[in-house]
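Student: I would like to learn how to read strands and sheets in a model. Could we work through one together?

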Amino acid sequence: MVLYWGLAPQTWVEEQLSELKKALGWRRARPFSAKVIYVTTPEADDKRIYRTREARVIAQFGHFAPEPIAPFLEDLKRARG
Amino acid sequence: MDAADNPFPGLRPFEPHESALYFGRDDQIDELLDRLAEARFLAVVGTSGSGKSSLVRAGLIPALQRGHLAGGGSRWRVAMFRPGDDPLGGLAQALGRPRDLIGQSSFGLVEAASILDAGERLLVIVDQFEELFRVRQAGSEDGAAAFVKLLLRAAFEDGVAVFVVLTMRTDYLGACTVFRGLPEVLNGGQYLIPRMTRDQLTESIEGPIAVGGGIRAGRLRGIAGILAGAALRATRDAATPVVTFQELALWATEQADLAAKTFVKDEERLILAELVRVCGGDTRALPVAHGACGWMTVEQLRHWAEVLDEILLSSDYQLRYPSKSSERLRLNSNVLVINGDSYPYPLLETDFYEEIRWPESPTLGLSTHSCLRPNTIRALIIETLATTWGTPVEELLQGSSMSSNSKKKRRVLGKRDGESVKAEVDSIKRPKY
């Protein structure tokens, strides 16, 4: 699961995470094998310091670089066995 | 979320931060969003306890902030309040604006919207709007009318990003005619909360449990279905309408005793007790543990646990069994160890464990338990009493033998209030169930 945080306020991110948590209560629900919040432009103070226990947080405000995504991809590989 | 937390709020409404636990109302939330997409004023009406506040707090607000309103964006400022005795003051406080500024004209709320950032919208929620009629009765007719005018002006002024949502009991709909313009608006923007279907009710029970991690939904599904079905039958028969958590809690309490009789095993009854508890019901009088003395209620078990606690802490027991107190009976994480055999705690109310105050008592999470052994605690009580009083367990289990040890009983129980202990002892001799 990738949550792309661009223009929306932080409350939007929190609500999306809350909905992901709620998804566990749906029938035939399965936990997500990997979760990441991709934080990008526009740059803002709340984005720079944002951390959560619910998912990995990757912040990139400049050009896209693949290296920070690597841990998330590792999570996915591990989940697939 | 802490697994030990009850995932149900009981009689209070769900709050916005509890939206992850709010299930069974998705269709209703969609309906609210559809109506708000058409008009910026909406009255959510329903009978007392029908879930109006929860629907708005844990359903509508999070949906708006997730960006689910077409064209509404995701930047919402929420001002939620109850009218109370001073509706204007409540609104001003919720907005964080001076009361005088808000109340100086019917454009007060429109002007307050000027504080919004670009792309931001203001959601004004007047919860329990019916309180306004109390203000009116108290003689402040002008104040109540001015407040209503303020809301209507903001909701219908062009180019203002203010949405007004109020919740109100249906019995007050007729009274709204006293406010000029309000009935017309209510005719156009109103949502009457419907009863939940069987599937929705089941979802509303199972969902929070699964998310909260309290009890595995799969294990509970069968009994949850039975309870939901029975609740819906009661609703259909209109004997005890059950459409909300509040009503579910009351209904579960009323029905618990009756329902318990259909479950013949202790384990089933304890699951039932758990279900009643998570529904917000009262389990104290529920018979859950069966033995030679008959059924014991949650309340009786709790009392006996207190007695046991005192016995174990008593100098008499410590002197006679200095090593056994630690060897025969000790706590290991969530497991009670008796004579080398491990038993999980029986599932009762959380405060049951708090009351007996075991040393190093773990915080109990329901998910840590894999099975239910109500007889364990009873056996423990009986065994300890037998040991302490020097009475064979077999004799003790025959209720009549209890009186032959009255001196020893008094020696132990004399440390407690005499009357209450006698009542406890009597309760085990003359069980109610």
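Student: Which residues of E3(B) point one way, and which the other way?

Tutor: Start with the general idea. Side chains in a regular strand alternate between the two faces of the sheet. In this predicted model, Arg121(B), Leu123(B) and Ile125(B) point one way from E3(B), while Leu122(B), Val124(B) and Val126(B) point the other way. All of them are buried. Strand E3 of chain B, residues 121–126, is thus mostly covered, with six of its six residues buried.

Student: How many bridges join E3(B) to E2 and to E4 of chain B?

Tutor: Backbone hydrogen bonds pair the strands of a sheet, either parallel or antiparallel. Strand E2 of chain B (residues 76–81) runs parallel to E3(B), joined by six bridges. There, Met80(B) stands opposite Ile125(B). Strand E4 of chain B (residues 162–169) is also parallel to E3(B), with five bridges. Phe163(B) in E4(B) is the bridge partner of Leu123(B).

Student: What is the strand order in the sheet of chain A?

Tutor: The order is E1-E2-E3, an open sheet of three strands with parallel pairing. Strands E1 (2–5) and E3 (56–59) of chain A are at the edges with a single partner strand each, so one side of each lacks a neighbour in the sheet. Neighbouring strands are turned by 20° against each other on average, direction ignored. Four bridges join E2 (residues 36–39) of chain A to E3(A). Tyr38(A) stands opposite Ile58(A) in E3(A).

Student: How many residues are in contact between chain A and chain B?

Tutor: In chain A, 12 residues contact 13 residues of chain B. The chain A side divides into four nonpolar, four polar and four charged residues.

How values were computed
Residues numbered from 1 in each chain as written. Chains lettered and ligands numbered in written order. Predicted model: local features only at pLDDT ≥ 70, side-chain atom pairs only at ≥ 80, totals over all residues. Contact = placed C-beta atoms within 7 Å. Nonpolar A, V, L, I, M, F, W, Y, C, P; charged D, E, K, R; others polar. Pairing = 2+ DSSP bridges. Helix = DSSP H or I, 4+ residues; strand = E, 2+ residues; numbered from the N terminus. Axes fitted to C-alpha atoms, helices over the stretch in contact; angles between N-to-C directions. Buried ≥ 20, exposed ≤ 12 C-beta atoms within 10 Å, placed from the backbone.
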